[in-house]
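Me: Please walk me through this model, one question at a time.

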Amino acid sequence: MDAAPGPPGVSPASALPSSSWSLMASELSVLFRRLRTWAMLLALAAIPILIAAAVKLSSHPVAPGRGPPFLDRITQNGLFVGVTAMVVSVPLFLPLTVGVVAGDTIAGEANLGTLRYLLVAPAGRVRLLLIKYAAAAAFCLAATLTVAAAGALAGVALFPVGPVILLSGDTIGVGESAVRSLLIAAYIAVSLLGLSAIGLAISTFTDVPVGAMAATIVLSVVSQVADNLPQLEWLHPWLFSHYWLGFADLLRQPISWTSFSDNALLQAGYIVAAGALAYGKFTSKDVLS
Amino acid sequence: MTRVWLRWLPAALVPVALAAAALAGSYQAGAATSLPHKTAEEVIAMIGRADVHALSGTLQQSSELGLPQLPSVGPTATQGPASVIELLSGSHTTRVYMNGPAQARFQVMDMLAERDLVRNGNDLWLYNSADNSAAHMTMPAEPARAPAPRATPTPGVITPDVVAQHFLAAVGPTTDVTVGDGTTVAGRTAYQLVIKPRSTGTLVDSVTIAVDSASGLPLGVDVRARGQAAAAFSLAFTDLSLTTPDAALFSFTPPRGAAVEEKATPQLRALPGKTGQGPQAKATASRPTITGSGWDAVISLSTGTVPTDVRSAPLLAQLTQPVPGGRALTTSLVTVLMLDDGRVFAGMVPLERLQAAAAAQ
C-alpha cells in the first residue's frame with residue numbers, strides 16, 4: 001500500500017537509508033535530554049528507594065501476607081526490593097510515564113509547530129511514525145530498567161543479599177536471580193509496548209499533547225478496572241493490561257514461559273492494530289502546524 | 001482525497017484479521033478429529049491399560065458451581081478451610097510433574113503466588129509462597145507389592161486421571177456410556193467418553209472424559225450439571241509431555257526462613273463430596289454411611305465427625321443458607337446438609353433428597 005502515490009511527504013518505509021539512523025539517534029537524544037524524561041525516570045527510581053527505606057526504618061517486621069507481595073521478604077533478602085517495586089509500579093506509575101512519552105510523540109511536535117519541519121525533510125510520514133514509536137519503546141525499556149537497577153542498588157545497600165527463594169519454594173543463587181530480574185524488566189517493557197502504540201495512535205488524532213497523554217493513561221486504568229470485573233470475564237484475555245502482573249511466572253521453578261509468550265502475542269496485536277490506526281490518521285492528515 | 005480511504009483500510013482490516021486469527025486458533029484447539037471407531041467398553045479398557053509412568057503438563061481447572069464469589073486476593077484467601085473451597089471454585093492453572101508412582105509435584109499458580117505439593121517417596125511437602133509456610137508429612141509406607149500400573153494418587157493431587165477414576169467407579173447399570181466425536185486436547189487426539197446417569201434423582205447431567213487415543217490417559221474431564229449450560233466442573237491438560245521430568249523438581253527442601261510444620265499422616269482427600277467408592281473412604285476414622293447406590297447415593301456422617309470449629313467457621317455461614325433444622329450448602333453439582341444435631345449429609349443430589357435421608361434415619 002506504501003507504493004500508492006499519496007500526499008507529499010509519504011514515502012515507502014522499506015527504504016531505510018542511513019538518514020533513518022541519524023533521525024533515530026536525534027529522536028533518542030531529544031527524548032533523553034529532556035528534563036521531563038529525567039524527572040520521570042528519577043521518580044520511578046524513587047519508588048524502590050522509598051520502599052527499601054520504609055522497610056528499613058520501620059521497627060515492626062512486615063508480616064507475611066500484609067502489604068504488597070514480596071514486601072515481607074525484603075528484610076531477609078535485599079534483592080526483593082526490585083521485585084516489590086515492580087509490583088507497585090506496574091499498575092500506575094509505569095503506565096503514567098509511558099502515557100506521557102507516547103502521548104507526546106506526534107501531538108507534542110504538532111503543538112510546538114515542529115511537525116511540518118520534520119515532514120519537509122524527505123523523512124516520510126511512515127518512517128517518522130516508526131521512529132517515534134521506537135523512541136517510545138526505548139523509553140519503556142529505560143523506565144523498567146531504572147526501577148530494576150534502583151531496586152537492586154537500594155536492596156544491596158540496605159539489606160543482606162543472598163540466595164533468592166522463588167515462588168515455588170526453590171532457592172536460586174544471586175547470579176541467576178540477577179538474570180531473572182532482567183527477564184522481569186524485559187517482560188514489563190514488553191507489557192508496556194501495547195500501551196505505547198495506543199498512545200502513539202491517540203497522539204496522531206490531536207494537536208494537544210496533554211489530551212493524548214491523559215487519554216492514554218485513562219485507557220490503561222480503564223483496562224485494569226475491566227480486568228478486575230468478573231462480569232467481563234470474556235473480555236479479559238483481550239485487554240492489554242491482562243498479563244501485566246504475569247511476570248511472577250518468571251519467579252517459578254521451572255520458569256513458566258506461557259504468560260511471556262501470551263503477553264508478547266497480545267502486545268504485538270495491539271501494536272499492529274494501533275499502528276494501523278496511527279498510519280490511517282497520520283498519512284491522511286493535513287499537517288498545518 | 002480519493003485515496004484517503006485506502007490509508008484507513010489497514011485500520012479497519014487489521015482488527016478483523018486479528019479476531020479471525022484468534023477465533024481460528026480456538027476452533028482448531030477443540031476441532032473434531034476422526035479416529036478409528038471404538039466402543040465404550042474398549043475406551044474404558046484403554047483407560048485401565050494406560051501405561052503412563054512419567055508426565056509433565058499444565059492443567060486448567062474451572063468451576064461454575066453457583067457458589068458466591070470468594071475473595072481471591074488478600075491474606076485469608078489461601079489459608080484454612082477457605083483454600084479447599086477456593087480450589088474447587090473459580091479457575092486455576094496448575095503445573096503437574098509426575099515420575100513413577102512415588103514422585104509428584106503439583107504447582108497451583110496463583111497471581112503473584114504459588115502453592116506447591118511435592119511428593120518424593122514417602123515424603124510429602126506442602127509449600128505456600130503467600131505466607132512462606134511449609135508443612136511436611138510422612139506417608140505411610142506402602143506394603144511391598146508389584147508396582148502399581150500407574151501413579152498412585154498422591155493426596156491432594158487432582159488430575160483428570162484421578163477424577164475420571166472416580167466417575168468410572170460409578171459406572172454401572174444406572175449409567176449410559178457412549179463414545180462421542182473425537183477431539184483434540186493439549187494437541188493430542190482423544191476419544192470422548194460420555195457418561196450419563198439414567199437416574200433423574202442426581203444433579204449430574206453428564207460427565208465427559210477425553211481419553212488420549214495413543215496412551216489411554218484421561219486428558220480432561222467435564223462435569224455438567226442439570227439445567228446449567230456451562231460445565232459445572234472442568235479439568236483438562238492445556239499442554240502435556242509424556243517425558244520424564246527433571247529429577248531436581250522432586251527434591252524439596254523448605255527455604256530458609258519458612259515456617260515449617262510437621263503434620264500427621266495426611267487426611268487430605270482428592271475430591272470432597274464425591275461418592276465414597278474411591279480408596280479414600282476407608283481413610284476416615286468414623287466411617288460414613290452410604291445410602292443408596294450409584295449417582296444418587298447420599299453420604300451421611302454421624303454426630304462428632306465434623307469438628308465444631310469447622311461447622312461454625314464464618315466462611316461456612318457465608319456460603320450456606322439456613323434450612324429447617326440446620327444449614328445447607330447448595331451448589332449446582334453437590335449439596336451438603338449440616339444439621340444442628342451434628343449430622344452431615346452430602347451427595348450429588350438435590351437438597352430434598354438429603355432432607356428425606358435425614359428424616360429416614
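Reply: Happy to! Two strands pair if DSSP finds at least two bridges between them. Helices (H or I, at least four residues) and strands (E, at least two) are DSSP runs, numbered from the N terminus. Residues are numbered from 1 along each chain as its sequence is written, with chains lettered from A and ligands numbered from 1 in the order in which they are written. This is a predicted model, where local features need pLDDT of at least 70 and side-chain atom pairs count only at pLDDT 80 or more, while totals for chains, interfaces and linings use all residues.

Me: Which residue of β3(B) is the bridge partner of T94(B)?

Reply: Let's look at the strands around it. β2(B) is joined by seven bridges to strand β3 (residues 103-110) of chain B, and the two run antiparallel. They make a hairpin with three residues between them, and G100(B) in the turn has a positive phi of about 65°. Across this pairing, the partner of T94(B) is V108(B).

Me: Which strands stand at the edges of the open sheet of six strands in chain B?

Reply: Follow the order of this antiparallel sheet in chain B, β14-β15-β19-β18-β17-β16. From one strand to the next, the twist averages 25°, an angle taken between N-to-C directions (0 to 180 degrees) of lines fitted to C-alpha atoms, for helices over the stretch in contact. Two strands have a single partner each, so one side of each is left without a neighbour in the sheet: β14 (289-291) and β16 (321-323).

Me: In chain A, at roughly what angle do the axes of helices α2 and α3 cross?

Reply: Look for where the two helices meet. L44(A), I47(A) and P48(A) are among the residues of α2(A) that meet α3(A), whose side includes V81(A), T84(A) and V88(A). The axes of α2 (residues 35-57) and α3 (residues 80-89) come within 9 Å, and they cross at roughly 120°.

Me: Which helix of chain A gives the most to the side that touches chain B?

Reply: Two residues are in contact if their C-beta atoms, placed from the backbone, lie within 7 Å. On that basis, 28 residues of chain A are in contact with 30 residues of chain B. With eight residues, the top contributor from chain A is helix α10 (residues 258-283).

Me: Which element of chain B has the lowest mean pLDDT?

Reply: pLDDT is the predictor's confidence in each residue, from 0 to 100. Chain B has a mean of 79, with 79% of its residues at 70 or more, yet the value stays under 50 over residues 71-80 and over residues 266-285. Among its elements, strand β11 (residues 218-225) has the highest mean, 93, and the lowest, 58, belongs to helix α3 (residues 81-88).

Me: Finally, what ipTM does the predictor give the complex?

Reply: The predictor reports two scores for the complex. Its pTM is 0.84, and its ipTM is 0.81.
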